[in-house]
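Trainee: I have a model open on my screen and would like to learn how to read it. Could you walk me through a few features?

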Amino acid sequence: MTGFESESVDTAEVFDSFCTLTSIAPEPGGLLVFYGELDTHGMAIAAASNIAGSASLGVDMQAERVKLALRNGICDFMVNSLDEALRILKNEIRKKQPVAVGLVGDPDRVVAEMIERGVQPDLVVPGGLGSHEFAKGGAKFLTDTMLAADSIAVRWSVAQEPAEWLPRVDAAVIEALGDSSGPRTKWLRAAPRYLQKNLSRERFVRMSGAELARFTALLREHLRSGDITVPVTVLSNGTAISI
């Protein structure tokens, strides 16, 4: 085990990065996100970009860190040169398909090469590698979205057979949110594919107090009617709610 094995992506950070990205670019297919190094923050942005539907590029000198991102499904490809990265990115960007590429190399040199060759990301991390120069070319900053005053971190899990029962609870959440095509609904439908390790047993989304009340009421109805027959645990900002 390497020292990087302890670096794991945080679901809440991925969700917040996803919300930031989709607030700036509601239809991000065909856009390139450059987030710099594959630290935990970089991995969160890479995962969020895939979930949102955009392409992303990260660069790190540590091959083991990129390999970890690859094993955890955060990155789709690991490459050793900008040429290799661009071949993959150009093809997927043209098709407006999500893809996450991790490049093993010196970050400063790769950024200098990107600038020299006119590689222009659409979205960058403020204060990150090359962000000032890329912003001059028109890149937008992935500035953290301000959370609403009543934003509640909601997590839910089921006692058994999560592959069968979690999607049914998810459906109640989507109904409570009241927006079948909104970004949080897209998150609930797409995120488990990219965050299998994190979301296979416990889901996450941010809600308002009113949305949480609708969700718990719907969940109680499903449990009483027998539509859901396993115990469900719901946490509101880390505190269990009686269902």
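Predicted model: local features only at pLDDT ≥ 70, side-chain atom pairs only at ≥ 80, totals over all residues.

Trainee: Which residues of strand β9 lie on its covered face, and which on its uncovered one?

Mentor: In a regular strand the side chains alternate between the two faces of the sheet. Strands here are DSSP runs (E, at least two residues), and helices are runs of H or I of at least four, numbered from the N terminus. In β9, residues 232-236, the covered face holds V232, V234 and S236, and the uncovered face holds T233 and L235.

Trainee: Which strands pair with β9?

Mentor: Two strands pair if DSSP finds at least two bridges between them. Strand β7 (residues 152-158) is antiparallel to β9, with five bridges, and W156 sits opposite V234. Strand β10 (residues 239-241) also runs antiparallel to β9, joined by three bridges; there A240 is the bridge partner of L235.

Trainee: What is the phi of N237?

Mentor: N237 has a positive phi near 50 degrees, in a residue other than glycine. N237 belongs to the hairpin of β9 and β10, which has two residues between the strands.

Trainee: Where is E161 placed, and how exposed is E161?

Mentor: E161 is in the loop between β7 and α7 (162-177), and its phi is positive too, near 45 degrees. Buried means under 20% relative accessible area, exposed over 50%, and partly exposed in between (1.4 Å probe, protein chains only). E161 has 45% relative accessibility, so it counts as partly exposed.

Trainee: How many cavities of 30 Å³ or more are there?

Mentor: Rolling a probe the size of a water molecule over the atoms shows where empty space is left. A cavity is a set of points, on a 1 Å grid over the protein atoms alone, where a 1.4 Å probe fits but cannot get out; lining residues have an atom within 4 Å of a point. Grid points are joined across faces, edges and corners, and the volume is the space filled by probe spheres set on them. The count is one cavity of 30 Å³ or more, and the largest cavity holds about 30 Å³.

Trainee: Which residues line the largest cavity?

Mentor: The lining consists of W187, L188, A191, P192, L199, R203 and F204. Elements giving two or more residues to this lining are α8 (183-194) and β8 (202-207), and α8 gives the most, four.

Definitions and conventions. Residues numbered from 1 in each chain as written. Heavy atoms only, no water. 1 Å grid on protein atoms, 1.4 Å probe; cavity = no way out; pocket = protein on both sides within 12 Å on 5 of 7 lines; lining within 4 Å.
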